[in-house]
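Subject: A structure for you to explore

Hello,

I am passing on a structure for you to look through. Please open it next to this message, and then read on for what turned up.

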Amino acid sequence: MAAVQTGHRPASLRTLWAIAKSPELGMDEDDLHAVVYRETGKESMRQLTQGEINTIARVLQNMKDGVQRDTRSKRTDEGGSEATVKMRRKIYALCDALGWNNDHRRINGFVKRMCGVERIEWATPAQCFKIIEALKKMVERETAKGGQS
């Protein structure tokens, strides 16, 4: 019976090391051996069968993918400059008054139009001040419009 070609090579010990040493995981030798022992119960990586190497490669890749998902978070209220934390809180409060907090793309689009910055976290203190003043004016116009009706 002929072996079926899948188009890619099976995982090797080099593959395990490459995934473990990736920037997302940054494992050292002890960490990798701990994963190998946890998954197979074997002390030495040289004793692993091809099926066990494939399993460990899959486990390491899932660990790596989990780290990547966490770092690509779409939340706009995390991270950013420490100097603008209070200013961003004020911006979020003004956005709440305008009813914009349900869609972060809206405030980020406004920030891009006002300051040329893609995300609010990247704004400088001067840019945050400009955004706050513009949002205050918008809130004033909304309340004045609501008072006349």
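One term to start with: two residues are in contact, or touch, when they have heavy atoms within 4.5 Å of each other. Please also keep in mind that this is a predicted model.

With that term in hand, look at Val139. This residue lies in helix α6, which covers residues 125-148. Leaving aside residues up to four places away in sequence, Val139 touches Leu94, Ala97 and Leu98. Take Ala97 from that list: 42 residues separate Ala97 from Val139 in sequence, yet their C-alpha atoms are 6.9 Å apart in space. Is Val139 buried or exposed? Val139 has a relative accessible area of 18%, and buried means under 20%, so Val139 counts as buried.

You will find Lys86 in helix α4, residues 85-98. Its relative accessible area is 70%, and the cut-off for exposed is over 50%, so Lys86 is exposed. Lys86 and Cys128 are also 42 residues apart along the chain, and 9.9 Å separates their C-alpha atoms.

Now step back to the whole protein chain. Of the 149 residues in the chain, 30% are buried. Among contacts with a separation of 6 or more, 59% are between residues 24 or more positions apart.

Next, the start of the chain. How do two packed helices get described? For helix α1 (residues 13-20) and helix α2 (residues 29-40), the axes come within 10 Å and cross at roughly 120°. That angle is why α1 is called oblique to α2. The crossing of α1 past α2 is right-handed. On the α1 side, Leu16, Trp17 and Ala20 make the contact, and on the α2 side Glu29, Leu32 and His33 do. Sorted by class, this contact has four nonpolar residues, one polar and one charged.

Finally, which residues of α1 are buried? They are Leu16, Ile19 and Ala20. These residues cover an arc of only 95° around the axis, so they sit on the same side of α1.

Enjoy exploring, and write back with any questions!

Best wishes

Terms used
Residues are numbered from 1 along each chain as its sequence is written. This is a predicted model: local features need pLDDT of at least 70, side-chain atom pairs count only at pLDDT 80 or more; totals for chains, interfaces and linings use all residues. Side-chain values use heavy atoms; hydrogens and water are left out. Axes are lines fitted to C-alpha atoms, for helices over the stretch in contact, and angles run from 0 to 180 degrees between N-to-C directions. Helices (H or I, at least four residues) and strands (E, at least two) are DSSP runs, numbered from the N terminus. Angles under 35 degrees count as roughly parallel, over 145 as roughly antiparallel, 65 to 115 as roughly perpendicular and the rest as oblique. A crossing is left-handed if the near helix is turned anticlockwise from the far one by less than a right angle, and right-handed if clockwise. Ala, Val, Leu, Ile, Met, Phe, Trp, Tyr, Cys and Pro count as nonpolar, Asp, Glu, Lys and Arg as charged, and the others, Gly among them, as polar. Buried means under 20% relative accessible area, exposed over 50%, partly exposed in between (1.4 Å probe, protein chains only). The arc is that of the directions from the helix axis to the C-beta atoms.
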